[in-house]
Amino acid sequence: MPIGVAEFVENQENRCPVILLLDTSGSMEGEPIKALNDGIKTFQEDVMRDIQATLSVETAIVTFGKGGVKTVQDFVGIDQFTPPTLTAGDLTPMGKAIELALDLVEDRKAIYRNNGIQYYRPWIFLITDGAPTDQWNLAAQRVKQAEAENRVLFFSVGVQGADMETLKQISNNPPVLLNGLDFRDLFQWLSNSMKRVSGGKIGEAIALPPVNWGQITT
């Protein structure tokens, strides 16, 4: 029996997978991690206000920092998603975390295919306030190759103190510098984007909402 067959029998809608790739290193301690936790709750609550998005959006969370690199939440429907309470500490193994996120995306797509489920291009949404403390060049090569082959959309968000020059080299999409700790508006934008994607056709270009929560860094 294919993995996860029950969930796909009950809901055969096209899936819209998104990984939240979150920095939980020591520099995020205090107000940043609190604002991040509040933002994740905003994302879940707002997506569920849209019926189609609730059926389509699947979310996973990978953290890097306290406890190393961890899959805090594997892919689950947004209605089954329980926002975690993240804590901060330790270093910033961003390269390893990016590679794990890419692997999770490919594994999830294989499960979709095995169960006859269509899917939109997966999103990986990186949020960090620091610089990688591990090797990240191979991860960046994998991201750019996946982008070139239309296998993933990768977005980088830098919180104050983030190494924006490194973020520019990880993806073909320019990183965005967050306005202060405006995680609420950031996750509202992500929710609105997911609603637009899940309401469209697979493969068609979708106009994303304007970025009013940060400055695009080129």
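Q: Leaving aside its neighbours within four places in sequence, what is S191 in contact with?
A: In this predicted model, S191 contacts F43, D46 and V47, once neighbours within four places in sequence are set aside.

Q: And which helix is S191 found in?
A: S191 belongs to helix α7, which covers residues 183-198.

Q: Does S191 count as buried or exposed, and why?
A: S191 counts as buried because its relative accessibility is 0%, and the cut-off for buried is under 20%.

Q: Which strands does α7 lie across?
A: Helix α7 lies across β1, β2, β4, β5 (153-158) and β6 (176-178). Relative to β4, α7 runs at about 175°.

Q: Turning to the sheet, in what order do the strands come?
A: The order is β3-β2-β1-β4-β5-β6-β7. These seven strands form an open sheet with mixed pairing.

Q: Which strands stand at the edges?
A: Strands β3 (68-77) and β7 (214-216) do. Each has a single partner strand, so one side of each lacks a neighbour in the sheet.

Q: What does the twist average from one strand to the next?
A: The twist averages 20° from one strand to the next.

Q: In which sense do β1 and β4 pair?
A: Strand β1 (residues 16-24) and strand β4 (residues 123-128) pair in the parallel sense, over five bridges.

Q: Where does helix α2 pack?
A: Helix α2 (residues 31-47) packs on the sheet, where α2 touches β1, β2 (57-65) and β4. The direction of α2 makes about 170° with that of β1.

Note on methods. Residues numbered from 1 in each chain as written. Predicted model: local features only at pLDDT ≥ 70, side-chain atom pairs only at ≥ 80, totals over all residues. Heavy atoms only, no water. Helix = DSSP H or I, 4+ residues; strand = E, 2+ residues; numbered from the N terminus. Buried < 20%, exposed > 50% of the residue type's maximum accessible area, 1.4 Å probe, protein only. Contact = heavy atoms within 4.5 Å. Pairing = 2+ DSSP bridges. Axes fitted to C-alpha atoms, helices over the stretch in contact; angles between N-to-C directions.
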